[in-house]
Amino acid sequence: WIKLGAPAPENSSPSNDVVPSDPVAGKSHWAFQPLVDTPAPAVSHADWPRTPVDQFVLARLEQQSLTPVAGAKPRALIRRITMVLTGLPPSSHHLTQYEAQPTPETLTLIVDELLASPQFGQRWGRHWLDLARYADSNGLDENFLFREAWRYRNWVIDAVNADMPYDRFLLEQLAGDLLPHDSIEQRDRQRIAAGFLVVGPKVLLGVNPDRQKMDVADEQIETVGRVVLGQTLGCARCHDHKFDPVPTRDYYALAGIFTSTRVMEQRFMLNEQRVMERLQGLGEDGQQADDDYETFWREMPNLKAHGEKSKAVLDLLKQKDEQAIAQRLAQDGDGFCDQARDASVPIDQRIAAQEEHLKAQIEKLSKPPGIPPRAMIPCEAESMQDEAIRKSGKFDQPGDVVPRGFLSVLQDGPVNAMPAQQSGRIELAQWLTDTNARSGWLTARVQANRVWYHVMGRGLVRTVDNFGRTGETPSHPELLDHLALQLIQNKWSLKSLVRQLVLSRTFALSSQFDEQAHAVDPDNTLLWRAHRRRVDAESLRDGMLQAAGVLELDPMESTVAYLGDQATAVGNNAVRRRTDYNCRSVYLPVIRNDLPELFEVFDFANPHFATGARPKTTVPTQSLFLLNDTMVMNAAKQTARRIQEESSQNSREQMLERTWELILHERPTDEERQAVSDFLERTAYRLNETGDPDPELSALAQVCHA
């Protein structure tokens, strides 16, 4: 049956069945439709909405005879806003400011202050790094260090803080190395942005170059499709897509763009020539410095061998055996300096010249050039080429050649031919954000949904990375289109959309339970309350360090510079990635296959793939980690010491107030005060009996730890 081509029974394929991969019929799918500008609907409770978002939400609730729950308490709302916008717990100033005057005007001032803070980019930049499959190492078979990946990471954070329009944000990441520039600094920034294409994982060991080229392109196509369009394009590598309107021809039309781009280069690494990630020098003379650096290490084995020969020649000259010297010259003159070769020169002068020659070589080898400033930067291939369809996806079985192009389901007219001398990456980025085409409408929908997901805790389309037929449909389609249009009308501004959402009354709802609403809408799809949400790994760690008073908010450059060329290797790794920094967690090393333990335990994004929504697990190792991790215990003790220092005369009442303020951002109840006060008294007494040098501090540290 398989050899026959796996034919379906004749009576199961009516002539009017739609082929899933048909891009013409596929245009009817909801995600590929034009954006519809639906006016905000009228609602019965007209005094409740604060923004058009609220009107869309309330209208759906009223259709089901539901009403939203009460708003969150002031402290809970400020904590939520601060965590969403910066990933950090709220400051005491913001808590008391809003608690004293809980008005929309006060809230707006706080939101604008947080949006303008550098911590916004550190938080929201991390969301993009999840999608960009950012890592500081290659992973897969040979886990070589990506020593320069941090430059791309910091570019993302800076771009988010600058509110770079999303269309420009994509353009620089897909084609920054091809864009015009007015200065060397601008050129380098744009090139660093294009590291998006280089930072993905790659199989390096023993792979056929043609296969590697197609595998790298496949990873890039799948990433761009999932991140920007919410489409699983990689499925079409071997055959027409089984569910979505993406024929194999469209896949290879895109593949030609990426195979016409180089992200790998041959460099000297671990004593041999290897195909590695492509690096390029930065600054006015950066390329020359990079070339000099690579030349030294490429020639270093020969320099060492020549130095050993020069040492042997010097030893021979010192013996002053002219016959042996002449014989060595006849057999192998390598290692002799020019004057040492000349038999007419007195032997002592020849020895002195050879000593200087050897000294110069030793000095050169002892002072290798430092790693110059450089970044992971793609470039165009030597020649542009349209790609052939690979039969069954096999790299060595080419079929028909397909002109470079885009997805036919997202275009209504003919596509201009790709430039003969360029890959087409600029044109691809412009097509993805063309607001007069289906591609731009889809991009806007996907991005608006991602923003909603990170603000509200769940997407309007819950499958945030899949807007295809196997994904879910939007719970509020008119609202999704409204947000996508807002994004476009505000010139693709991320901050404007985030601001609109966090200032809505929908965002400010409490998460309290309502039995009647739950009976009608148990999944809270209609948003009658706020979704309860987990604190992610980074916010958990940053919050502990902030409570301890040791968190450093300044940007960091590399946190992997001390590692060897292999981030992890077979056998014992003498030097392993560190996590004992006090910087924000976004700057911690992300070594593929060796994530920080906190990231592993608390559902960090898998850096091998684009991740729009992290997994959410509840497992025993999370409790065990918090009970036993050194960083957690140290932070608890430092927090306790801080509380003691900030409480006048070690007043237990003040210490309890400050403990709740720093860790929970609330005030303790009477029952909590009594329980913890009793615990402190008993524990301090017991620790004193066992000889603890500071029983009061140790007891308070246990409270903070708990």
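1. Three elements, helix H9 (209–229), helix H10 (248–259) and strand S1 (261–262), each supply at least two residues of the lining of the second largest pocket. H9 gives the largest share of that lining, seven residues. Since the model is predicted, the values here are computed from its coordinates, and totals for linings use all residues.

2. The volume of the second largest pocket is about 470 Å³. Its lining counts 21 residues, and Pro-209, Gln-212, Lys-213, Arg-262 and Met-264 are the closest to the centre. By class, the lining of this pocket has 10 nonpolar, seven polar and four charged residues.

3. The largest cavity holds about 220 Å³. Which elements supply at least two residues each to its lining? They are helix H5 (118–131), helix H6 (149–161), helix H7 (166–175) and helix H16 (438–456).

4. The lining of the largest cavity consists of 17 residues, and those nearest its centre are Trp-128, Val-160, Phe-169, Gln-447 and Leu-494. Of the lining residues of this cavity, 12 are nonpolar, three are polar and two are charged.

5. The second largest cavity has about 90 Å³. Its lining is made up of Arg-80, Val-455, Met-456, Thr-506, Phe-507, Leu-527, Arg-529, Ala-530, His-531 and Arg-533. Sorted by class, these are five nonpolar, two polar and three charged residues.

6. Next, a helix pair. Two packed helices are described by the angle between their axes and the distance between the axes. For helix H24 (residues 652–663) and helix H26 (residues 695–705), the axes come within 11 Å and cross at roughly 35°. The crossing of H24 with H26 is right-handed. On the H24 side the contact is made by Arg-652, Met-655, Thr-659 and Ile-663, and on the H26 side by Glu-696, Leu-700, Val-703 and Cys-704. The residues of this contact comprise five nonpolar, one polar and two charged.

7. Side chains of opposite charge can pair when their charged atoms come close. The model contains 54 salt bridges. One of them joins the side chains of Arg-614 and Asp-130, with an N to O distance of 2.8 Å. Arg-614 belongs to the loop between helix H21 (597–601) and helix H22 (620–628), while Asp-130 belongs to helix H5, so this pair ties together parts that are 484 residues apart in sequence.

8. Last, His-306, which is placed in helix H11 (residues 286–319). Which residues does His-306 touch, leaving out those up to four places away in sequence? The list is Asp-334, Gly-335, His-357 and Gln-361. For one of these, Gly-335, the C-alpha atom is separated by 5.8 Å from that of His-306, although the two residues are 29 residues apart along the chain.

Technical notes
Residues numbered from 1 in each chain as written. Predicted model: local features only at pLDDT ≥ 70, side-chain atom pairs only at ≥ 80, totals over all residues. Heavy atoms only, no water. 1 Å grid on protein atoms, 1.4 Å probe; cavity = no way out; pocket = protein on both sides within 12 Å on 5 of 7 lines; lining within 4 Å. Points joined across faces, edges and corners; volume = space filled by probe spheres on them. Helix = DSSP H or I, 4+ residues; strand = E, 2+ residues; numbered from the N terminus. Nonpolar A, V, L, I, M, F, W, Y, C, P; charged D, E, K, R; others polar. Axes fitted to C-alpha atoms, helices over the stretch in contact; angles between N-to-C directions. Left-handed = near helix turned anticlockwise from the far one by under 90°. Contact = heavy atoms within 4.5 Å. Salt bridge = Lys/Arg side-chain N within 4 Å of Asp/Glu carboxyl O.
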